[in-house]
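Please load the model in the viewer and keep the selection panel at hand.

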Amino acid sequence: MSNNDADDMEEDEQNQFLINPQDIKATIEKAVKSQLGKEEYNIKKVSQWTANIIAAILRELNEGNKQFKYIVTSIVQQKTGAGLHSSFLAYWDNDTDGFVTHPFHENQSLYCITTVYYIQI
């Protein structure tokens, strides 16, 4: 094995412990837009929409072979002028763990707020 091969292997091992929040945001955006882009709010479809969004995000995140566990939440709310307040508390390592939240409000009839929490194994 050459030095370059060893360096590449070491870099691959190090990359499995790195996560880029911008990559996660792009994954969320893609999943939400593909599911909700032109949909009209329909209470009968919300459960399926959120399940599809979450499944698409988890599928893509798990393809990366990163050493992380993921938690994904997605909230769809009809645009009526009502407020929505949410909070969370976590006890984790700020150097390796974190979250990305993406609000989707480009649709005329609904909002979607999706959050991915990532925790290094």
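In the classes used here, Ala, Val, Leu, Ile, Met, Phe, Trp, Tyr, Cys and Pro count as nonpolar, Asp, Glu, Lys and Arg as charged, and the others, Gly among them, as polar. The structure on display is a predicted model.

Begin with the second largest pocket by selecting L18, I19, N20, D23, I24, T27, E60, L61, E63, G64, K66 and Y70, which form its lining. Two elements each contribute two or more of these residues, namely α2 (21–36) and α3 (46–63). The pocket holds about 190 Å³ of space. Coloured by class, its lining shows five nonpolar, three polar and four charged residues.

Next, select α2 and α3 themselves. Their axes lie 9 Å apart, at an angle of about 145 degrees, and the crossing is right-handed. On the α2 side, display I24, T27, I28, K30, A31, V32, Q35 and L36; on the α3 side, display W49, N52, I53, A56, I57, E60 and L61; together they make the contact. By class, this contact comprises 10 nonpolar, three polar and two charged residues.

Finally, move to the largest pocket, with about 230 Å³ of space. Of its 13 lining residues, select S86, T101, I113, T115 and Y117, the closest to the pocket centre. Then show β1 (68–78), β2 (98–104) and β3 (110–120), each of which supplies at least two residues of the lining. Which classes make up this lining? Seven of the residues are nonpolar and six are polar, with no charged residue.

Technical notes:
Residues numbered from 1 in each chain as written. Predicted model: local features only at pLDDT ≥ 70, side-chain atom pairs only at ≥ 80, totals over all residues. Heavy atoms only, no water. 1 Å grid on protein atoms, 1.4 Å probe; cavity = no way out; pocket = protein on both sides within 12 Å on 5 of 7 lines; lining within 4 Å. Points joined across faces, edges and corners; volume = space filled by probe spheres on them. Helix = DSSP H or I, 4+ residues; strand = E, 2+ residues; numbered from the N terminus. Axes fitted to C-alpha atoms, helices over the stretch in contact; angles between N-to-C directions. Left-handed = near helix turned anticlockwise from the far one by under 90°. Contact = heavy atoms within 4.5 Å.
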